[in-house]
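Reader: I have a structure open and would like to go through how it packs. Can we start with the helices?

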Amino acid sequence: MPSGGGRVRSATDDVDTILIGAGAIGEAVLYVEEQAYRSIIVAVDANTYPAAGQRLEELLRAKRLAVHVTIIKPDRQGDVIADEASLIQLLHDVKQQGAEAVIAVGGGTIHDIVRYCAYMAGIPFISVPTAPSVDGFNSKGAPILIRGEKITIAAIGPNAIFADLDVLMKAPSALTAAGFGDMLGKYTSLFDWSFGSLTAGEPYSLAAAERTRSALLQCVNQSELIARRQEEGIAALMSALIESGLAMLSFGQSHPASGAEHHLSHYWEMEYIRLGKRQLLHGAKVGAACVEIARLYHRIADEGIDGWSNSGSHERESPAAADAIAANWPQIRKHIADIPDSGTLTGLLRGIGGPASVSELQVSDELLARSMREAHRVRMNRYTLLRAYNERANAANA
């Protein structure tokens, strides 16, 4: 995908227009005109409205379009989250205004709220990212909190994405670092995907895997420019995040971009919600979790499958899984070797200026240890090495 200012139309990816470039917000307004939408809702939060939503509202009103701005309200901890309250707030406005389309102006959470509400209302949505912070802008799955439990619900992807570099360059550095962390997590997610395919018959697409890997390497190779917040680096990061999303879109599931590192992140998120604590940035959690998973996986490779120790899991390893792991162990070790070691990953995260360890995130040692034992249960439809490790360790000590 080009990282400059030209329009790219792609019917194969179900995204009509993708634009990364300075002034992309103006192009979003032209797109709305082209589609002949008459009533638009601009969904923002208190931070993304001044960052881009207000300018977008002004440009739309200048075209004499009916525009309603919905500012999604935070919860009691001050976090905007994709939960029942946020969904009802936006769905109410969609119905009241007779909206024909919704524009998501913000990061991953705003997009998750909008994609689900647009899906339920049967109308399209347009993506206007305000920071290169996550790879879920063009996802079709909406991670939603239902009674405190995060579940991913099938929804819709955006009809178009307009990533304005004038906006992205001004994004808080923590959000940019989070986007880099989300991309770095592909090292372990790609491994877990191949592991699940080899040992549990999980569906696999070499094309989607290579598309994700290419986006990851593009991001890593441009890490110095990203760290300096240079336009070329920010464009490369945003392009990589969207490309990762397109890989998931083409495959139809999140396997290319989500493995054990995301399961740790989701586990921590649900724990923080349970305790009523302020949320941590998704990509920051994924980056730090990737370091921990890489450390474990390299240790497993060094010790061999007979050296796995007790993790305290309650599951039992199936004989079929044990046979598949043994039969594919040489190839599994080879794939683990392709994951950078924890020191290298830590250096990359520190170079961007983001948190590089769970201690820097202030995730407690107890929570980390518990999540390493239990986080695989967050997605029991996935067979990751973390899950296999926990199940085998418990079976060996039963």
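Reader: Which residues in α6 meet α12, and which in α12 do they meet?

Author: This is a predicted model, so everything here is computed from it. On the α6 side the residues are Ala178, Gly181, Asp182 and Leu184. In α12 they meet His282, Gly283, Ala284, Val286, Gly287 and Cys290.

Reader: What classes of residue make up that contact of α6 with α12?

Author: Five nonpolar, four polar and one charged.

Reader: At what angle do the axes of α6 and α12 cross?

Author: At roughly 45 degrees, and the axes come within 7 Å. That angle makes α6 oblique to α12. The crossing is left-handed.

Reader: How is α7 placed against α12, in angle and axis distance?

Author: Helix α7, residues 186–200, packs on α12 at an angle of about 50 degrees, and their axes are 9 Å apart. The two are therefore oblique to each other.

Reader: Which residues make that contact?

Author: Thr188, Phe191 and Asp192 come from α7. From α12 there are Cys290, Ile293, Ala294 and Tyr297. By class, the contact of α7 with α12 has five nonpolar residues, one polar and one charged.

Reader: Changing topic to the core. Which residues have the most contacts inside the largest nonpolar core?

Author: Trp268 and Tyr297, in a core of 56 residues. The largest share of this core, 11 residues, comes from helix α12, which spans 282–303. Tyr297 is also one of the α12 residues in the contact with α7.

Reader: What does Trp268 touch, leaving out residues up to four places away in sequence?

Author: Lys285, Ala289, Val358, Leu361, Val363, Leu367, Leu368 and Ser371.

Reader: What other core lies apart from the largest one?

Author: There is another core, of 25 residues. Ile40, Leu65, Val69 and Phe162 are among them.

Reader: Where is Glu57, and is it buried or exposed?

Author: Glu57 is in helix α2, residues 48–62. With a relative accessible area of 13%, Glu57 is buried, because the cut-off is under 20%. Not counting residues up to four places away in sequence, Glu57 touches Tyr49, Val67 and Val69. Val69 belongs to that core of 25 residues.

Reader: What about Thr130, buried or exposed?

Author: Buried, at 8% relative accessibility. Thr130 is in the loop between β6 and β7. Beyond residues up to four places away in sequence, Thr130 touches Thr48, Ala52, Val105, Gly106, Gly107, Val167, Leu168 and Ala171.

Reader: On backbone angles, what is the phi of Ala36?

Author: Ala36 has a positive phi of about 60 degrees, although it is not a glycine. Most residues other than glycine have a negative phi. Ala36 lies in the loop between α1 and β3. Ala36 is exposed, with a relative accessible area of 52%.

Reader: And what is phi for Arg64?

Author: Near 60 degrees, again a positive value in a residue other than glycine. Arg64 is in the loop between α2 and β4. At 79% relative accessibility, Arg64 counts as exposed.

Reader: Last one. Where does Asn221 sit, and how far apart in space are Asn221 and Arg333?

Author: Asn221 is in helix α8, residues 206–221. At 63% relative accessibility, Asn221 counts as exposed. Asn221 and Arg333 are 25 Å apart in space, C-alpha to C-alpha, and 112 residues apart in sequence.

How values were computed:
Residues numbered from 1 in each chain as written. Predicted model: local features only at pLDDT ≥ 70, side-chain atom pairs only at ≥ 80, totals over all residues. Heavy atoms only, no water. Core = buried A, V, L, I, M, F, W, Y, C linked by side-chain atoms within 4.5 Å. Buried < 20%, exposed > 50% of the residue type's maximum accessible area, 1.4 Å probe, protein only. Helix = DSSP H or I, 4+ residues; strand = E, 2+ residues; numbered from the N terminus. Contact = heavy atoms within 4.5 Å. Axes fitted to C-alpha atoms, helices over the stretch in contact; angles between N-to-C directions. Parallel < 35°, antiparallel > 145°, perpendicular 65-115°, else oblique. Nonpolar A, V, L, I, M, F, W, Y, C, P; charged D, E, K, R; others polar. Left-handed = near helix turned anticlockwise from the far one by under 90°.
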